[in-house]
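Work through the two exercises below with the sequence and the model in view. Try each task before reading its solution.

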Amino acid sequence: MTTTALTNSEELQSREALAQMLWTGGIIGFFAIQAVIWAVAITLTHNDPSHAVVAGLDERVGSSDERRAAREASQKLGWTTSIVVVPETETSTHPRVEIRITNQAGRPVPVEKLEVFGFHRARVTERKLLELESTAAGVWQIVDPLTRSGWWRFEGQAVSGTDRFQFELTEFLQL
């Protein structure tokens with residue numbers, strides 16, 4: 001008569017082999033799931049412009065001493081910049097966005113040249129030079145319609161004679 005029952009030693013070895021296989025499979029499965037998650041995350045961030053590296057950032061930053069001197073000279077002028085959203089009219093399909101530059105007394109500053117870069121905070125890499133049109137003394141209208149509501153960042157420089165006014169402004173625009 002033959003016995004098919006396993007001895008204690010053989011049963012222990014069988015259980016140990018099963019446990020080893022389950023633990024190894026679990027660890028490999030965990031790493032495989034992590035690899036899939038990372039592949040999805042990298043694919044999503046690579047294709048989303050809000051997670052991209054800003055091109056030419058090191059060139060725009062420049063020397064800290066130069067930036068500080070320009071900021072101090074701008075502050076001495078006492079000018080302020082504001083962004084105003086003018087509601088839609090019958091002839092326009094989008095609200096107008098105006099940039100207004102005023103002096104300490106609140107009067108418009110007759111600016112000869114205004115250069116402004118703007119971008120929506122959700123699309124930092126879509127920074128662009130805004131096309132502007134002077135509508136009155138110290139009032140400039142953004143020609144390209146801004147269609148996305150939310151936080152906008154504007155960086156610019158206004159020139160009036162020998163005065164140069166640099167500004168950075170973050171504004172929530174309801175368009």
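The model is predicted, so local features need pLDDT of at least 70 and side-chain atom pairs count only at pLDDT 80 or more, while totals for chains, interfaces and linings use all residues. Residues are numbered from 1 along each chain as its sequence is written, and side-chain values use heavy atoms, with hydrogens and water left out.

**Exercise 1.** Describe the order and pairing of the strands in the open sheet of 4 strands.

Solution. 
1. Strands are DSSP runs of E, at least two residues long, numbered from the N terminus. Two strands pair if DSSP finds at least two bridges between them.
2. The order is 1-2-6-5, and the pairing is antiparallel.
3. Strand 1 (80-86) and strand 5 (132-136) are the edge strands, since each pairs on one side only.
4. Strand 2 (residues 96-102) pairs with strand 6 (residues 139-142) over 3 bridges. Glutamate 98 stands opposite glutamine 141 in strand 6.

**Exercise 2.** Is serine 134 buried, partly exposed or exposed, and which residues does serine 134 touch?

Solution. 
1. Locate the residue: serine 134 is in strand 5.
2. Buried means under 20% relative accessible area, exposed over 50%, and partly exposed in between (1.4 Å probe, protein chains only). Serine 134 has 43%, so serine 134 is partly exposed.
3. Contact means heavy atoms within 4.5 Å. Leaving aside residues up to four places away in sequence, serine 134 touches Val139 and Trp140.
4. A polar atom of the serine 134 side chain lies 3.4 Å from the backbone oxygen of alanine 136.

Key: A polar contact is a pair of N or O atoms within 3.5 Å; within protein, one must be able to donate a hydrogen and the other to accept it, and residues adjacent in sequence count only if both atoms are side-chain atoms.
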